[in-house]
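Please look over the sequence and the structure shown here before reading the briefing below.

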Amino acid sequence: MAPDVEHSWLEANQRYLSTAIAAVRSELMRHAARSVDGDAGDEPTPPDALRHECHLIAQRLPQAPALDAVSRAFNLTPFERDVLVLCAGVELDSAFGGICGRAHGDAQRAYPTFGLALAALPDAHWSALLPDGPLRYWRLIEFGSGGSPSAPLTSRPLRIDERVLHYLAGLAHADERLASLVSPLRVEYDVVPTHRTIAEHVVTAWKRSVERVAPPVIMLYGADLASARSIAASACQACGWNAYIINERLIPSSATDLHLLTRLLEREVRLDSAAILIECQGLSSDATRDGALRDLIDRTNGPLIVMSRERQQLGRRPTASFEVAKPTSHEQRVIWQSVLLGDAGEVTANIDQLTAQFSLNVPEIESAAEEARAEAGPVSGRSLWKACRHQSRGRLDDLAQRISSMARLDDLVLPDSQKEVLRDIVTHVKNRATVHDAWGFAGQSNRGLGISALFAGSSGTGKTMSAEVLAGALELDLYRIDLSSVVSKYIGETEKNLRRIFDAADGGGVILLFDEADALFGKRSEVKDSHDRYANIEVSYLLQRMESYRGLAILTTNMRSALDVAFMRRIRFIVQFPFPDAAQRAQIWRRVFPRETPTLGLDVERLAQLSVAGGSIRNVALNAAFLAADTNEPVGMSHVLRAARSEYAKLEKALTDTEVAGWV
C-alpha cells in the first residue's frame, strides 16, 4: 500500500478493533447485569449494533481488517474470534479487567477465562478449549500467570500472544521467539533473465498445487546460494508473499523445541502471507541435524523453499527441484556494463576478459566494482582483475591452502622441453575463451575443455614451484589440496569433498594443485571388492570435474608409474620433472641465496656435488643462513656443510666423502 493509504488503513483498523472490543465488553456487561445483584452500570450499546458498525468499517477499508484476516487465516468460529478479542481487550483497554472481575462476580479475578467466555459470549462451544483447536494450537492465546496450575481449564487466566496482539493492532512486530532464528529475506537487486525463468517455474509449481493442503517443497540447489536467494525472493514477490529465511544449523534438534518452532513458523506464514526459506550448507554427516531438517519440512504445510549446494532428499512432501547456476557470460557482461557505467572506456573494454576468467553473480560483481573504486586513482582493468580474484576466493579459503606465488619462469631450473610445456599451459589458459567460445569449440562438446596437467617427479624437483610460476604468469590464485586428506574410507565421502572444492573454486577459475595424486590415482582398474569399485568412481568423478573446470587443475605425483595409463589419457598436459644433474644443481645454488645475503668463499661447483633436488638445496641454504646469522658471519662452506648434514639426516641418507670433498 502507498504510505497515505497505509496510514488510512491503520486508523480504520484501530477503529474496527476498538469497536469489536466494545462489542465483547457489552456482552460482558450484560452478563454481569444478569448474574450480579445491584446496578451493573449504564446500559451498554447493544452488541449487535457494534458488530454492524464493524461491518460498515470493514466495507470501507482497502483490505481486510487484521482481526478478520486472523479469523480467516486460522478458521476461527465467531465464538473463538470473540475469545481472542476478549483477551485483546484486557491488553488494550485499562477498564476491561475490572469489567471481567464484575462479570466473574469477583473483583480479584480481573482477567478473562474460558469459563467467563463460555458464560458471557454468544455461540459458545466447548471445542474452543481443546489443545488442537485453533486458539491453542496456533498459540493465539495462552494460559497466563496467576491462579493455580491445578485449577480447572475454565478458571485459569488467559492471555493473548504478544505477536498476535500487535498484528491485530496493525503493527508489524516479529515474534521474539523467532527473532534470533529467522530473518526477513531482502534482495536489493534484479534477477537476471535465466534466474527469472526459474522463479517463474517456481510460481507455476505453487499455482498448480492450489487445491492441495500443502504446496510442493521447492528445492533450489547449486553452488550459487546468493542467486538462489534472489530467485526465491522474486518468486515470493510474484505471489505477493513475504519471505523469511532460516539457516538449517539453527533448527533445534529436541522434539519440544522443534515442535514449537514449526508451529510458530506456520503461524507466521498465515499471519504475514509468507514463505519460509531454509538455507542448507550442503549434505551433512550429522544424522540428528538432517533428521531435524526433514521433520521441520514434513510438519510445515505452507510454502517452503530449501536452498542447498547439493540436491537432497527432503522427506515425504512432494518436491520440485531446480538447479541454480551463476549468471551466463552474456548476463555477466550486461551486469558489468551496468555497474561500470560512467567509468573510463578502457575499463569497460576489459569486461570480456573478466567474464572469460571469472564467473561472478550480481552482488559479487557489484562488490568487485566497489573494491576497485576504493583503490587510489581511477578504476583500471588491473584493479578490477584484482578485485575479482578477491571476490572469487569465497569459501575456498576454508577448504584448501592458498599459496602466494612469487616465482617466475626464469627462476625454474628445468630442461627447455619442460619449460616449453609450461608456456603452452599458460597459452591455453589465456586463450581459452577465444578458442572455446569465439571459435566455437565449446559448441561441439563440453568434454575435454578443462585444462588439466600432471606434474610427475620426486620430491623437491620443482612441481609446486612450477605451479606458483603458472599462477604468477596468469595472475590467478593458487590453492593446494592434499588429496590424501580429501580421500575418505567412507563410501561416497571423497566425491562429496571433491564436489565442495570444485564448486567453491569454479567462480574464479583459480589454479587447483592436487598434491599426492597417488592417494587416489593408483592402478585401480581391477575391481576386487566394493571399495575398489567406488575408488574407480571417485577417480572418474575427479577427472570429470577436471575436464569441465573453467580454471587449471594440476595433479602432482612422486611415482608416475603408479598411475593408470587409462586415467592419464584424460589429462591434457604431462610434465616430467627430472632429478637435477650436477650442472642444474650448480645453477640452483647460484640462485638460491638472495642478493642481500652476505656470503664468503662459496664454491658452487663443489656445492653441486650434493646429490639432492632443488627443494632440499633451498632447505640447506636457508639453514646455513640461520647458522651464519647466529655467529654474525657471512654464509660460508662450513655453514653449508653443517646444514647439509642436518638435511641428509632428515632424508635418512648418508652424506658421502665424495659429495663434500674439498669443502672445508
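This is a predicted model: local features need pLDDT of at least 70, side-chain atom pairs count only at pLDDT 80 or more; totals for chains, interfaces and linings use all residues.

Residues are numbered from 1 along each chain as its sequence is written, and side-chain values use heavy atoms, with hydrogens and water left out.

**The sheet**

- An open sheet of mixed pairing is formed by 6 strands in the order S3-S5-S6-S7-S4-S8, where strands are DSSP runs of E with at least two residues and helices are runs of H or I with at least four, numbered from the N terminus, and two strands pair if DSSP finds at least two bridges between them.
- Strand S3 (182–184) and strand S8 (319–323) stand at the edges with a single partner strand each, so one side of each is left without a neighbour in the sheet.
- From one strand to the next the twist averages 25°, with axes taken as lines fitted to C-alpha atoms, for helices over the stretch in contact, and angles running from 0 to 180 degrees between N-to-C directions.

**Strand S7**

- Because 5 of the 5 residues of strand S7 (residues 304–308) are buried, S7 is largely enclosed by the rest of the structure; buried means under 20% relative accessible area (1.4 Å probe, protein chains only).
- Leu304, Val306 and Ser308 point one way from S7, whereas Ile305 and Met307 point the other way.
- S7 pairs in the parallel sense with strand S4 (residues 217–221) over 4 bridges, and Ile305 of S7 is the bridge partner of Ile218.
- Strand S6 (residues 274–279) also runs parallel to S7, joined to it by 4 bridges, with Leu277 standing opposite Ile305 and Ile278 having Val306 as its bridge partner.

**Helices**

- Helix H12 (residues 255–272) lies across S3, strand S5 (242–247) and S6, and runs at about 140° to S6.
- Helix H13 (residues 287–299) lies across S4, S6 and S7, and runs at about 165° to S6.
- In helix H5 (residues 96–104), 7 of the 9 residues are buried, so H5 is largely enclosed by the rest of the structure; among the buried residues are Phe96, Ile99 and His104.

**The cavity**

- Helix H11 (225–239) and helix H17 (362–374) each supply at least two residues of the lining of the largest cavity.
- This lining divides into 6 nonpolar, 4 polar and no charged residues.

Notes
Buried means under 20% relative accessible area, exposed over 50%, partly exposed in between (1.4 Å probe, protein chains only). Ala, Val, Leu, Ile, Met, Phe, Trp, Tyr, Cys and Pro count as nonpolar, Asp, Glu, Lys and Arg as charged, and the others, Gly among them, as polar. Contact means heavy atoms within 4.5 Å.
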